Amino acid sequence: MDIGKQWRHIIDSVQDGIIIVDEKGCFVAANQTAQWITGYTEEELKGQSCRILNCTGCKIIGKGKGKNWCGLFSQGLIREKKCLITNRQNRTIPIIKSATVLFDDKKEIIGAVETLKDISENINYKNELASIKRMYHIDDGFHGIVGRTPVMQSLYELIESVASQDTPVMILGESGTGKEMVAKALHETGERASKPFVKVNCAALSEHILESELFGHVKGAYTGADSDRVGRFEAAHKGTIFLDEIGDIPLSVQVKLLRVLEEKMIQRVGANKSIQIDVRIITATNKNLEQLIKDGLFREDLFFRINVFPLTCPPLRHRKDDITLIIQHFINFHAEKTGKNILGITPEAMRLMVAYPWPGNIRELRNSIEYAFVLAREKSIGPEHLPEKIISHTSGETGSLKYLASKDTVFNDPTFEDTIKLGLSEKEKLLDALRQTDGNQSRAAKILGVSRITVWKRIKKYGIQLK
Ligand SMILES: Nc1ncnc2c1ncn2[C@@H]1O[C@H](COP(=O)(O)OP(=O)(O)OP(=O)(O)O)[C@@H](O)[C@H]1O
(Lines give C-alpha, C1' and ligand atoms only; values in the text may rest on other atoms or scores of the structure.)
Protein backbone atom coordinates (compact mmCIF):
# COMPACT_ATOMS: atom_id res chain seq x y z
CA MET A 1 0.00 0.00 0.00
CA ASP A 2 1.25 3.48 -0.84
CA ILE A 3 0.49 5.17 2.48
CA GLY A 4 1.47 8.54 0.99
CA LYS A 5 -1.69 8.51 -1.13
CA GLN A 6 -3.91 7.56 1.80
CA TRP A 7 -3.24 10.51 4.13
CA ARG A 8 -6.35 12.41 3.10
CA HIS A 9 -8.61 9.42 3.86
CA ILE A 10 -6.79 8.84 7.10
CA ILE A 11 -7.23 12.36 8.43
CA ASP A 12 -10.86 12.45 7.25
CA SER A 13 -11.59 9.32 9.27
CA VAL A 14 -10.26 10.86 12.51
CA GLN A 15 -13.03 11.76 14.98
CA ASP A 16 -11.39 15.02 16.03
CA GLY A 17 -11.33 18.07 13.81
CA ILE A 18 -7.93 18.73 12.24
CA ILE A 19 -7.05 22.13 10.82
CA ILE A 20 -3.82 23.26 9.21
CA VAL A 21 -2.98 26.95 8.99
CA ASP A 22 -0.03 28.70 7.35
CA GLU A 23 2.40 31.05 9.09
CA LYS A 24 -0.06 33.95 8.67
CA GLY A 25 -2.87 32.00 10.29
CA CYS A 26 -4.73 31.32 7.03
CA PHE A 27 -6.45 27.99 6.57
CA VAL A 28 -4.70 25.51 4.33
CA ALA A 29 -6.68 22.36 5.04
CA ALA A 30 -9.50 21.06 7.26
CA ASN A 31 -10.58 17.45 7.66
CA GLN A 32 -14.18 16.25 7.55
CA THR A 33 -14.77 16.62 11.31
CA ALA A 34 -13.33 20.14 11.37
CA GLN A 35 -15.77 21.03 8.59
CA TRP A 36 -18.68 19.65 10.68
CA ILE A 37 -17.60 21.48 13.82
CA THR A 38 -17.03 24.84 12.12
CA GLY A 39 -19.90 24.55 9.64
CA TYR A 40 -17.61 25.70 6.81
CA THR A 41 -16.50 23.53 3.88
CA GLU A 42 -12.79 23.17 3.32
CA GLU A 43 -13.11 25.28 0.17
CA GLU A 44 -14.74 28.10 2.15
CA LEU A 45 -12.03 27.97 4.76
CA LYS A 46 -9.01 27.81 2.49
CA GLY A 47 -7.15 31.11 2.37
CA GLN A 48 -9.38 32.71 5.05
CA SER A 49 -7.88 34.03 8.28
CA CYS A 50 -8.37 31.77 11.31
CA ARG A 51 -9.90 34.83 13.01
CA ILE A 52 -13.26 33.90 11.47
CA LEU A 53 -13.63 31.19 14.13
CA ASN A 54 -13.26 33.78 16.85
CA CYS A 55 -11.51 31.24 19.08
CA THR A 56 -11.29 32.39 22.70
CA GLY A 57 -8.13 30.31 23.19
CA CYS A 58 -6.09 32.23 20.59
CA LYS A 59 -3.85 35.16 21.42
CA ILE A 60 -3.83 36.81 18.03
CA ILE A 61 -1.29 39.61 17.73
CA GLY A 62 -2.06 40.09 14.04
CA LYS A 63 1.15 41.92 13.03
CA GLY A 64 2.77 39.99 10.20
CA LYS A 65 3.51 36.30 10.31
CA GLY A 66 4.82 33.58 12.64
CA LYS A 67 5.45 34.88 16.15
CA ASN A 68 4.07 38.26 15.14
CA TRP A 69 0.81 36.69 14.10
CA CYS A 70 -0.25 34.57 17.03
CA GLY A 71 0.81 33.56 20.54
CA LEU A 72 0.81 29.91 19.51
CA PHE A 73 3.81 30.46 17.24
CA SER A 74 5.96 31.67 20.14
CA GLN A 75 4.57 29.07 22.55
CA GLY A 76 5.09 26.21 20.09
CA LEU A 77 2.42 24.03 21.64
CA ILE A 78 -1.08 24.20 23.12
CA ARG A 79 -2.32 21.19 25.03
CA GLU A 80 -6.01 20.42 25.59
CA LYS A 81 -7.20 23.96 26.13
CA LYS A 82 -10.91 24.49 26.69
CA CYS A 83 -12.13 27.29 24.44
CA LEU A 84 -15.04 28.49 22.38
CA ILE A 85 -15.36 29.05 18.68
CA THR A 86 -18.14 30.66 16.66
CA ASN A 87 -19.32 28.45 13.81
CA ARG A 88 -20.68 29.46 10.42
CA GLN A 89 -24.25 29.61 11.82
CA ASN A 90 -23.01 32.02 14.48
CA ARG A 91 -23.41 29.42 17.22
CA THR A 92 -20.86 29.18 20.00
CA ILE A 93 -19.26 25.75 20.19
CA PRO A 94 -17.26 24.67 23.23
CA ILE A 95 -14.17 22.76 22.13
CA ILE A 96 -10.95 21.31 23.48
CA LYS A 97 -8.07 22.41 21.35
CA SER A 98 -4.48 21.26 20.96
CA ALA A 99 -2.06 22.82 18.54
CA THR A 100 1.51 22.31 17.38
CA VAL A 101 3.67 24.62 15.31
CA LEU A 102 5.09 23.22 12.03
CA PHE A 103 8.66 24.05 10.95
CA ASP A 104 10.49 23.59 7.65
CA ASP A 105 13.99 22.08 7.29
CA LYS A 106 15.56 25.42 8.20
CA LYS A 107 13.53 25.55 11.41
CA GLU A 108 11.43 28.40 10.01
CA ILE A 109 7.76 28.45 11.10
CA ILE A 110 5.56 27.41 8.20
CA GLY A 111 2.26 27.07 10.04
CA ALA A 112 0.47 25.00 12.64
CA VAL A 113 -1.75 21.96 12.98
CA GLU A 114 -4.69 22.19 15.35
CA THR A 115 -7.01 19.47 16.62
CA LEU A 116 -10.50 20.37 17.83
CA LYS A 117 -12.78 18.20 19.95
CA ASP A 118 -16.42 19.33 20.13
CA ILE A 119 -17.52 19.04 23.78
CA SER A 120 -21.03 20.50 23.51
CA GLU A 121 -22.46 17.00 23.95
CA ASN A 122 -20.54 16.59 27.22
CA ILE A 123 -21.90 19.91 28.49
CA ASN A 124 -25.50 18.93 27.63
CA TYR A 125 -24.82 15.60 29.29
CA LYS A 126 -23.64 17.37 32.43
CA ASN A 127 -26.86 19.41 32.58
CA GLU A 128 -28.95 16.30 32.02
CA LEU A 129 -27.06 14.40 34.68
CA ALA A 130 -27.61 17.20 37.18
CA SER A 131 -31.31 17.10 36.38
CA ILE A 132 -31.54 13.29 36.80
CA LYS A 133 -29.56 13.42 40.03
CA ARG A 134 -31.97 15.98 41.40
CA MET A 135 -34.96 13.93 40.33
CA TYR A 136 -33.68 11.01 42.37
CA HIS A 137 -32.46 13.18 45.25
CA ILE A 138 -28.91 11.93 44.75
CA ASP A 139 -27.50 15.39 44.69
CA ASP A 140 -27.81 17.96 47.45
CA GLY A 141 -27.33 20.99 45.30
CA PHE A 142 -28.49 22.72 42.16
CA HIS A 143 -25.52 24.64 40.82
CA GLY A 144 -24.28 24.91 44.42
CA ILE A 145 -27.69 25.89 45.82
CA VAL A 146 -28.44 23.54 48.68
CA GLY A 147 -32.03 22.67 49.58
CA ARG A 148 -34.51 19.89 48.92
CA THR A 149 -37.75 21.26 50.32
CA PRO A 150 -40.67 21.48 47.86
CA VAL A 151 -40.31 25.27 47.68
CA MET A 152 -36.70 24.88 46.52
CA GLN A 153 -37.58 22.10 44.08
CA SER A 154 -40.11 24.42 42.43
CA LEU A 155 -37.51 27.18 42.32
CA TYR A 156 -35.06 24.85 40.47
CA GLU A 157 -37.80 23.89 38.02
CA LEU A 158 -38.57 27.55 37.33
CA ILE A 159 -34.87 28.30 36.85
CA GLU A 160 -34.62 25.47 34.34
CA SER A 161 -37.72 26.62 32.47
CA VAL A 162 -36.64 30.21 32.05
CA ALA A 163 -32.86 29.71 31.74
CA SER A 164 -32.80 28.93 28.05
CA GLN A 165 -34.82 32.02 27.16
CA ASP A 166 -33.72 35.62 27.23
CA THR A 167 -36.72 36.70 29.32
CA PRO A 168 -35.65 39.32 31.89
CA VAL A 169 -35.75 37.70 35.32
CA MET A 170 -36.10 39.57 38.59
CA ILE A 171 -34.98 37.67 41.69
CA LEU A 172 -36.73 38.68 44.87
CA GLY A 173 -35.87 37.73 48.41
CA GLU A 174 -34.38 38.85 51.69
CA SER A 175 -30.68 39.41 52.08
CA GLY A 176 -28.64 36.21 52.22
CA THR A 177 -31.28 33.95 50.67
CA GLY A 178 -29.10 33.09 47.67
CA LYS A 179 -30.27 35.56 45.00
CA GLU A 180 -26.81 35.80 43.46
CA MET A 181 -26.51 32.02 43.41
CA VAL A 182 -29.84 31.83 41.57
CA ALA A 183 -28.63 34.42 39.04
CA LYS A 184 -25.49 32.34 38.41
CA ALA A 185 -27.54 29.15 38.11
CA LEU A 186 -29.72 30.85 35.49
CA HIS A 187 -26.65 31.84 33.54
CA GLU A 188 -24.96 28.45 33.87
CA THR A 189 -28.07 26.52 32.84
CA GLY A 190 -28.78 28.69 29.80
CA GLU A 191 -27.30 29.01 26.34
CA ARG A 192 -25.02 31.85 27.39
CA ALA A 193 -23.17 29.68 29.93
CA SER A 194 -19.87 29.90 28.12
CA LYS A 195 -20.02 33.70 27.86
CA PRO A 196 -19.37 36.23 30.62
CA PHE A 197 -21.48 36.59 33.75
CA VAL A 198 -21.01 40.16 34.95
CA LYS A 199 -22.33 41.32 38.31
CA VAL A 200 -22.90 44.95 39.28
CA ASN A 201 -23.86 45.86 42.82
CA CYS A 202 -25.95 48.95 42.11
CA ALA A 203 -26.19 49.95 45.78
CA ALA A 204 -22.45 50.16 46.27
CA LEU A 205 -21.83 52.87 43.65
CA SER A 206 -22.59 56.56 43.51
CA GLU A 207 -24.69 57.96 40.65
CA HIS A 208 -21.78 59.03 38.39
CA ILE A 209 -19.63 56.01 39.05
CA LEU A 210 -22.58 53.70 38.44
CA GLU A 211 -23.28 55.28 35.07
CA SER A 212 -19.71 54.94 33.85
CA GLU A 213 -19.46 51.48 35.43
CA LEU A 214 -22.52 50.32 33.50
CA PHE A 215 -21.95 52.03 30.16
CA GLY A 216 -18.23 52.88 30.16
CA HIS A 217 -16.75 56.27 29.28
CA VAL A 218 -14.42 57.88 26.80
CA LYS A 219 -11.22 59.67 27.66
CA GLY A 220 -11.94 63.19 28.87
CA ALA A 221 -15.64 62.52 29.55
CA TYR A 222 -15.07 64.08 32.97
CA THR A 223 -12.23 65.01 35.27
CA GLY A 224 -10.22 61.93 36.04
CA ALA A 225 -11.37 60.00 32.94
CA ASP A 226 -7.85 59.77 31.51
CA SER A 227 -8.51 56.79 29.27
CA ASP A 228 -11.40 55.03 27.53
CA ARG A 229 -13.18 52.53 29.71
CA VAL A 230 -15.35 49.56 28.76
CA GLY A 231 -18.58 49.41 30.78
CA ARG A 232 -20.09 46.29 32.33
CA PHE A 233 -22.77 46.04 29.62
CA GLU A 234 -20.08 45.84 26.96
CA ALA A 235 -18.08 43.39 29.08
CA ALA A 236 -21.15 41.16 29.32
CA HIS A 237 -21.71 41.12 25.54
CA LYS A 238 -23.28 37.79 24.51
CA GLY A 239 -23.45 36.81 28.18
CA THR A 240 -25.46 37.89 31.22
CA ILE A 241 -25.45 41.06 33.28
CA PHE A 242 -26.67 40.70 36.86
CA LEU A 243 -27.82 43.98 38.39
CA ASP A 244 -27.95 43.36 42.13
CA GLU A 245 -29.87 45.74 44.42
CA ILE A 246 -31.68 47.23 41.41
CA GLY A 247 -34.00 49.13 43.77
CA ASP A 248 -31.07 51.37 44.69
CA ILE A 249 -30.30 52.87 41.29
CA PRO A 250 -30.95 56.59 41.02
CA LEU A 251 -33.73 57.83 38.73
CA SER A 252 -31.28 59.41 36.26
CA VAL A 253 -29.58 56.06 35.66
CA GLN A 254 -32.97 54.32 35.49
CA VAL A 255 -33.88 56.43 32.42
CA LYS A 256 -30.66 55.42 30.66
CA LEU A 257 -31.04 51.80 31.63
CA LEU A 258 -34.54 51.70 30.19
CA ARG A 259 -33.28 53.11 26.90
CA VAL A 260 -30.50 50.53 26.74
CA LEU A 261 -32.94 47.70 27.37
CA GLU A 262 -35.31 48.96 24.70
CA GLU A 263 -32.78 49.83 22.02
CA LYS A 264 -30.14 47.20 22.86
CA MET A 265 -27.53 49.91 22.28
CA ILE A 266 -25.26 51.63 24.74
CA GLN A 267 -23.39 54.88 24.57
CA ARG A 268 -20.25 55.31 26.64
CA VAL A 269 -20.38 58.46 28.78
CA GLY A 270 -19.00 61.33 26.67
CA ALA A 271 -19.23 59.41 23.38
CA ASN A 272 -21.53 60.16 20.49
CA LYS A 273 -21.33 56.72 18.93
CA SER A 274 -23.69 53.91 20.00
CA ILE A 275 -22.56 50.34 20.41
CA GLN A 276 -24.82 47.36 19.85
CA ILE A 277 -24.96 44.92 22.76
CA ASP A 278 -26.53 41.54 23.22
CA VAL A 279 -26.92 40.71 26.90
CA ARG A 280 -29.35 38.86 29.05
CA ILE A 281 -30.48 40.92 32.02
CA ILE A 282 -31.12 39.52 35.47
CA THR A 283 -31.93 41.81 38.37
CA ALA A 284 -32.32 41.25 42.09
CA THR A 285 -33.70 43.21 44.97
CA ASN A 286 -34.71 42.82 48.58
CA LYS A 287 -36.78 45.99 48.40
CA ASN A 288 -40.47 46.36 47.67
CA LEU A 289 -40.29 47.94 44.22
CA GLU A 290 -44.05 48.49 44.04
CA GLN A 291 -43.74 50.70 47.13
CA LEU A 292 -40.74 52.51 45.60
CA ILE A 293 -42.86 53.18 42.48
CA LYS A 294 -45.62 54.64 44.66
CA ASP A 295 -43.02 56.80 46.41
CA GLY A 296 -41.75 58.06 43.03
CA LEU A 297 -38.34 56.46 43.51
CA PHE A 298 -38.56 53.76 40.85
CA ARG A 299 -39.85 54.07 37.29
CA GLU A 300 -42.87 51.93 36.57
CA ASP A 301 -41.90 51.45 32.90
CA LEU A 302 -38.48 50.11 33.92
CA PHE A 303 -40.12 47.84 36.49
CA PHE A 304 -42.33 46.25 33.83
CA ARG A 305 -39.35 45.91 31.49
CA ILE A 306 -37.20 43.99 33.98
CA ASN A 307 -39.82 42.15 35.99
CA VAL A 308 -41.07 39.88 33.23
CA PHE A 309 -40.35 36.66 35.13
CA PRO A 310 -40.04 37.08 38.90
CA LEU A 311 -38.39 34.34 40.98
CA THR A 312 -38.51 34.32 44.76
CA CYS A 313 -35.82 32.95 47.07
CA PRO A 314 -37.63 31.89 50.24
CA PRO A 315 -36.25 32.95 53.63
CA LEU A 316 -34.60 30.16 55.59
CA ARG A 317 -37.26 30.30 58.33
CA HIS A 318 -39.81 29.18 55.70
CA ARG A 319 -37.82 26.09 54.82
CA LYS A 320 -36.57 24.83 58.15
CA ASP A 321 -36.50 21.28 56.85
CA ASP A 322 -33.48 22.29 54.76
CA ILE A 323 -31.46 23.49 57.76
CA THR A 324 -29.87 20.11 58.60
CA LEU A 325 -28.76 19.65 55.01
CA ILE A 326 -27.33 23.16 54.75
CA ILE A 327 -25.52 22.81 58.09
CA GLN A 328 -23.89 19.57 56.96
CA HIS A 329 -22.97 21.21 53.65
CA PHE A 330 -21.12 24.02 55.41
CA ILE A 331 -19.52 21.63 57.90
CA ASN A 332 -18.10 19.63 54.99
CA PHE A 333 -16.99 22.82 53.30
CA HIS A 334 -15.20 24.23 56.35
CA ALA A 335 -13.70 20.85 57.30
CA GLU A 336 -12.07 20.72 53.89
CA LYS A 337 -11.06 24.37 54.01
CA THR A 338 -9.57 24.34 57.51
CA GLY A 339 -8.36 20.73 57.65
CA LYS A 340 -10.19 20.31 61.00
CA ASN A 341 -11.67 16.89 61.64
CA ILE A 342 -15.15 18.21 62.52
CA LEU A 343 -17.77 15.87 61.11
CA GLY A 344 -21.11 16.94 62.50
CA ILE A 345 -23.14 18.70 65.15
CA THR A 346 -24.68 17.43 68.37
CA PRO A 347 -28.48 17.07 68.54
CA GLU A 348 -28.66 19.83 71.15
CA ALA A 349 -26.76 22.27 68.95
CA MET A 350 -28.88 21.19 66.00
CA ARG A 351 -32.06 21.95 67.94
CA LEU A 352 -30.80 25.43 68.74
CA MET A 353 -29.94 26.02 65.10
CA VAL A 354 -33.35 24.86 63.89
CA ALA A 355 -35.17 26.97 66.47
CA TYR A 356 -33.29 30.16 65.57
CA PRO A 357 -35.19 32.35 63.05
CA TRP A 358 -32.15 33.23 60.85
CA PRO A 359 -32.92 36.87 59.95
CA GLY A 360 -29.69 36.93 57.89
CA ASN A 361 -30.71 33.68 56.20
CA ILE A 362 -28.13 31.32 54.74
CA ARG A 363 -25.30 33.83 54.86
CA GLU A 364 -25.83 34.09 58.62
CA LEU A 365 -25.97 30.31 58.98
CA ARG A 366 -22.76 29.95 56.98
CA ASN A 367 -21.05 32.51 59.22
CA SER A 368 -22.26 30.72 62.36
CA ILE A 369 -20.68 27.46 61.19
CA GLU A 370 -17.48 29.32 60.41
CA TYR A 371 -17.60 30.79 63.94
CA ALA A 372 -18.16 27.32 65.45
CA PHE A 373 -15.19 25.96 63.50
CA VAL A 374 -12.93 28.44 65.25
CA LEU A 375 -14.00 27.23 68.69
CA ALA A 376 -14.68 23.51 68.21
CA ARG A 377 -11.85 21.14 69.07
CA GLU A 378 -13.62 17.80 68.81
CA LYS A 379 -15.54 15.95 66.12
CA SER A 380 -18.88 17.63 66.70
CA ILE A 381 -20.05 21.19 67.04
CA GLY A 382 -21.84 21.61 70.37
CA PRO A 383 -24.03 24.44 71.72
CA GLU A 384 -20.95 25.93 73.44
CA HIS A 385 -19.42 26.61 70.01
CA LEU A 386 -22.40 28.51 68.62
CA PRO A 387 -22.70 32.33 68.56
CA GLU A 388 -24.38 33.72 71.65
CA LYS A 389 -27.45 35.02 69.75
CA ILE A 390 -28.40 31.46 68.75
CA ILE A 391 -28.14 30.15 72.30
CA SER A 392 -29.87 33.08 73.94
CA HIS A 393 -32.71 32.99 71.43
CA THR A 394 -33.86 29.60 72.70
CA SER A 395 -32.92 29.74 76.36
CA GLY A 396 -36.09 29.32 78.37
CA GLU A 397 -38.10 28.34 75.30
CA THR A 398 -39.01 24.71 75.72
CA GLY A 399 -41.38 24.88 72.77
CA SER A 400 -38.55 25.33 70.33
CA LEU A 401 -37.05 21.99 71.32
CA LYS A 402 -40.35 20.36 70.56
CA TYR A 403 -40.37 21.92 67.08
CA LEU A 404 -37.85 19.47 65.78
CA ALA A 405 -39.62 16.51 67.30
CA SER A 406 -42.77 17.39 65.43
CA LYS A 407 -41.04 17.55 62.05
CA ASP A 408 -40.69 13.99 60.86
CA THR A 409 -38.95 15.01 57.67
CA VAL A 410 -36.01 16.34 59.61
CA PHE A 411 -35.53 13.03 61.27
CA ASN A 412 -35.88 11.14 58.02
CA ASP A 413 -33.02 13.13 56.65
CA PRO A 414 -29.95 10.87 56.55
CA THR A 415 -27.67 13.82 57.15
CA PHE A 416 -29.38 14.53 60.43
CA GLU A 417 -29.17 10.90 61.46
CA ASP A 418 -25.44 10.93 60.80
CA THR A 419 -25.13 14.03 62.88
CA ILE A 420 -26.92 12.42 65.78
CA LYS A 421 -24.83 9.29 65.48
CA LEU A 422 -21.69 11.33 65.66
CA GLY A 423 -22.77 13.16 68.77
CA LEU A 424 -24.38 10.49 70.94
CA SER A 425 -24.19 6.83 71.84
CA GLU A 426 -27.13 4.56 71.06
CA LYS A 427 -28.37 4.76 74.66
CA GLU A 428 -28.15 8.54 74.75
CA LYS A 429 -30.02 8.79 71.46
CA LEU A 430 -32.75 6.56 72.80
CA LEU A 431 -33.05 8.55 76.03
CA ASP A 432 -33.15 11.75 74.05
CA ALA A 433 -35.95 10.50 71.82
CA LEU A 434 -37.95 9.19 74.77
CA ARG A 435 -37.54 12.47 76.60
CA GLN A 436 -38.82 14.39 73.57
CA THR A 437 -41.87 12.15 73.25
CA ASP A 438 -42.64 11.88 76.97
CA GLY A 439 -41.91 8.16 76.78
CA ASN A 440 -44.08 7.41 73.74
CA GLN A 441 -42.26 4.47 72.12
CA SER A 442 -43.92 4.70 68.70
CA ARG A 443 -42.99 8.35 68.31
CA ALA A 444 -39.51 7.72 69.67
CA ALA A 445 -39.13 4.95 67.06
CA LYS A 446 -40.12 7.40 64.35
CA ILE A 447 -37.58 9.93 65.58
CA LEU A 448 -34.83 7.34 65.60
CA GLY A 449 -35.90 5.87 62.25
CA VAL A 450 -36.24 2.37 63.71
CA SER A 451 -39.20 0.09 64.45
CA ARG A 452 -41.17 0.23 67.70
CA ILE A 453 -39.93 -3.28 68.54
CA THR A 454 -36.33 -2.08 68.27
CA VAL A 455 -37.09 0.75 70.68
CA TRP A 456 -38.69 -1.71 73.09
CA LYS A 457 -35.66 -4.06 72.83
CA ARG A 458 -33.23 -1.18 73.45
CA ILE A 459 -35.25 -0.04 76.51
CA LYS A 460 -34.82 -3.55 77.91
CA LYS A 461 -31.17 -3.74 76.86
CA TYR A 462 -30.23 -0.55 78.71
CA GLY A 463 -32.61 -1.20 81.62
CA ILE A 464 -34.40 2.12 81.13
CA GLN A 465 -37.27 2.68 83.56
CA LEU A 466 -40.13 4.57 81.93
CA LYS A 467 -42.13 6.68 84.34
N1 LIG B 1 -29.23 27.64 48.95
C2 LIG B 1 -27.96 27.86 49.29
N3 LIG B 1 -27.11 26.84 49.37
C4 LIG B 1 -25.83 27.05 49.77
N5 LIG B 1 -25.33 28.24 50.08
C6 LIG B 1 -26.14 29.29 49.99
C7 LIG B 1 -27.49 29.17 49.57
N8 LIG B 1 -28.04 30.39 49.56
C9 LIG B 1 -27.09 31.24 49.97
N10 LIG B 1 -25.95 30.60 50.23
C11 LIG B 1 -24.72 31.17 50.81
O12 LIG B 1 -25.06 32.43 51.33
C13 LIG B 1 -24.22 33.44 50.77
C14 LIG B 1 -25.10 34.59 50.37
O15 LIG B 1 -25.80 34.23 49.20
P16 LIG B 1 -26.11 35.30 48.06
O17 LIG B 1 -25.03 36.33 47.98
O18 LIG B 1 -26.47 34.56 46.82
O19 LIG B 1 -27.41 35.97 48.73
P20 LIG B 1 -28.21 37.25 48.27
O21 LIG B 1 -29.64 36.92 48.45
O22 LIG B 1 -27.74 37.66 46.90
O23 LIG B 1 -27.75 38.31 49.35
P24 LIG B 1 -27.76 39.93 49.26
O25 LIG B 1 -29.18 40.35 49.00
O26 LIG B 1 -27.30 40.35 50.62
O27 LIG B 1 -26.83 40.29 48.16
C28 LIG B 1 -23.52 32.80 49.60
O29 LIG B 1 -22.21 33.18 49.57
C30 LIG B 1 -23.60 31.34 49.87
O31 LIG B 1 -22.46 30.95 50.59
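User: Is the crossing of H8 and H10 left-handed or right-handed?

Analyst: A crossing is left-handed if the near helix is turned anticlockwise from the far one by less than a right angle, and right-handed if clockwise. Here H8 passes H10 in a right-handed crossing. This is a predicted model: local features need pLDDT of at least 70, side-chain atom pairs count only at pLDDT 80 or more, and totals for chains, interfaces and linings use all residues. Residues are numbered from 1 along each chain as its sequence is written.

User: At what angle do H8 and H10 pack?

Analyst: Axes are lines fitted to C-alpha atoms, for helices over the stretch in contact; angles run from 0 to 180 degrees between N-to-C directions. Helix H8 (residues 207-215) and helix H10 (residues 251-263) pack at about 15°, their axes 9 Å apart. That makes H8 roughly parallel to H10, a label for angles under 35 degrees.

User: Which residues meet there?

Analyst: Contact requires C-beta atoms, placed from the backbone, within 7 Å. Glu-207, Leu-210 and Glu-211 of H8 meet Ser-252, Val-253 and Lys-256 of H10.

User: Is Lys-179 buried or exposed?

Analyst: A residue is buried if 20 or more other C-beta atoms lie within 10 Å of its own, exposed if 12 or fewer, and partly exposed in between. Lys-179 is buried, because 25 other C-beta atoms lie within 10 Å. Lys-179 belongs to helix H7 (residues 179-189).

User: What does Lys-179 contact beyond its sequence neighbours?

Analyst: Leaving aside neighbours within four places in sequence, Lys-179 is in contact with Ile-171, Gly-173, Ala-284 and Cys-313. The C-alpha atoms of Lys-179 and Thr-283 are separated by 9.3 Å, though 104 residues apart along the chain.

Technical notes. Helices (H or I, at least four residues) and strands (E, at least two) are DSSP runs, numbered from the N terminus. Angles under 35 degrees count as roughly parallel, over 145 as roughly antiparallel, 65 to 115 as roughly perpendicular and the rest as oblique. Two residues are in contact if their C-beta atoms, placed from the backbone, lie within 7 Å.
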